[in-house]
Protein chains: 2
Amino acid sequence: MEFKEAKNKFVQTWGALGSQWGINKTMAQIHALLMISNEAVSMEDIMEELQISRGNASMNLRALMDWGIVYKEFKAGERKEFFTAEKDLDELAAKISRERSKREIKPALKILKEVSTIEASDSAEEKHFVDQTTKLYDFVLKADNMLDKMTEFNENWLGKLVIKMMK
Amino acid sequence: MEFKEAKNKFVQTWGALGSQWGINKTMAQIHALLMISNEAVSMEDIMEELQISRGNASMNLRALMDWGIVYKEFKAGERKEFFTAEKDLDELAAKISRERSKREIKPALKILKEVSTIEASDSAEEKHFVDQTTKLYDFVLKADNMLDKMTEFNENWLGKLVIKMMK
DNA sequence: ACAAACTTTCAATTATTTTTGAAAGTTTAA
DNA sequence: TTAAACTTTCAAAAATAATTGAAAGTTTGT
């Protein structure tokens with residue numbers, strides 16, 4: 001396989017993976033492209049490489065920056081903007097999990113709490129509802145906290161050192 | 001909040017959460033409905049509760065069974081089929097992570113391996129590509145294995161006991 | 001073998017999401 | 001202040017995904 005083919009394959013694969021996890025395909029593709037670029041890329045070049053419109057590129061770059069995993073860069077003497085992706089994978093994972101937690105898990109937890117604390121009548125049906133949603137609340141909370149702990153640990157300097165020594 | 005309202009809110013929330021994670025809304029809603037039902041539910045009832053067509057119900061129930069998180073049940077004297085959801089949350093998480101690994105992560109890993117092992121020329125661009133995709137391969141592999149270990153541990157009988165004692 | 005009671009399939013329709021492109025907005029340099 | 005070089009916005013169009021419903025398929029009892 002030659003470089004161009006491999007690059008294309010990677011961008012396509014990353015895009016498909018994104019869709020399956022609820023991330024718009026183009027957004028994932030732009031991210032893929034930036035991840036494997038050794039230097040900052042202009043919007044022009046992104047449009048060209050992925051064959052997408054200016055509007056599409058602009059909106060998805062904005063979304064990636066909102067996620068905190070793509071940065072704007074300015075080059076001396078150039079008027080246009082360039083973009084780079086977060087390339088440290090531990091940092092990338094930490095940012096993604098923090099955002100998904102904030103945007104999706106936390107609001108879901110709030111609702112779970114609400115519905116699990118209704119005053120159940122003594123029907124088996126309502127009892128089971130309260131029991132199951134309470135368990136779900138506890139479970140999701142535990143999982144969310146665990147992710148937090150894991151990313152925290154990975155970002156911790158001493159942790160990184162220890163991990164390196166264990167490799 | 002009364003039971004009916006809470007139930008509805010839960011089903012809606014679970015459905016929305018599903019969409020955000022790449023799972024069809026109806027599929028997630030059916031799953032939600034079954035999770036909080038203390039007894040097996042017929043297709044008829046699912047259609048009625050969620051206001052969906054027979055075809056839709058049938059297809060999504062099939063998908064849920066393919067994921068291994070919903071089961072068919074037969075009731076003596078009844079010709080029609082009833083459905084129940086896996087209610088043990090550790091088991092549920094294990095099944096979901098196993099399926100996503102099998103369907104999405106493993107194929108992606110295969111491609112990552114392919115593209116990261118091309119013979120790079122000595123251009124900085126190609127070197128960076130190989131370097132970054134190799135790191136990504138290692139990272140995804142590590143994360144995938146970690147999930148495996150976690151679910152394995154949770155399913156392990158001794159592990160469960162220890163966890164219970166730690167609570 | 002027949003028919004009643006179900007479930008599954010899939011082409012057509014509908015709903016949702018994504019993308020486009022041109023107008024409006026912004027920044028910089030002269 | 002003007003205009004060139006950019007970026008953003010958003011209504012409309014296109015693409016994609018989900019849903020319907022009726023016909024075909026299956027199972028069970030008589």
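**Notebook: domain and chain interfaces**

I began with the two domains of chain A, where 10 residues of domain 1 of chain A are in contact with 7 residues of domain 2 of chain A; contact means heavy atoms within 4.5 Å. I note that this is a predicted model, in which local features need pLDDT of at least 70, side-chain atom pairs count only at pLDDT 80 or more, and totals for chains, interfaces and linings use all residues. Residues are numbered from 1 along each chain as its sequence is written, chains are lettered from A and ligands numbered from 1 in the order in which they are written, and side-chain values use heavy atoms, with hydrogens and water left out.

**Entry 1: the domains of chain A**

I looked up the bounds: domain 1 of chain A covers 3-85 and domain 2 of chain A covers 89-166, taken from an automatic or database domain assignment. Their C-alpha centres lie 30 Å apart.

I then took the area buried between these two domains, about 720 Å², with 62% of it on carbon and sulfur atoms. Buried area is the accessible area (1.4 Å probe) that two parts lose on being put together, summed over both. On the side of domain 1 of chain A, the residues that lose the most area to domain 2 of chain A are M35(A), W67(A) and I69(A), together 62% of what that side buries.

Polar contacts link 3 residue pairs between the domains, both residues at pLDDT 80 or more. A polar contact is a pair of N or O atoms within 3.5 Å; within protein, one must be able to donate a hydrogen and the other to accept it, and residues adjacent in sequence count only if both atoms are side-chain atoms.

**Entry 2: chain A against chain B**

I turned to the two chains and found 41 residues of chain A in contact with 41 residues of chain B. The chains bury about 4,300 Å² between them, of which carbon and sulfur atoms give 74%.

I counted 4 salt bridges between chain A and chain B. One pair that I looked up is K7(B) with E125(A), whose side chains meet in a salt bridge at 3.9 Å, N to O. I also recorded 10 residue pairs in polar contact across the interface of chain A and chain B, both residues at pLDDT 80 or more.
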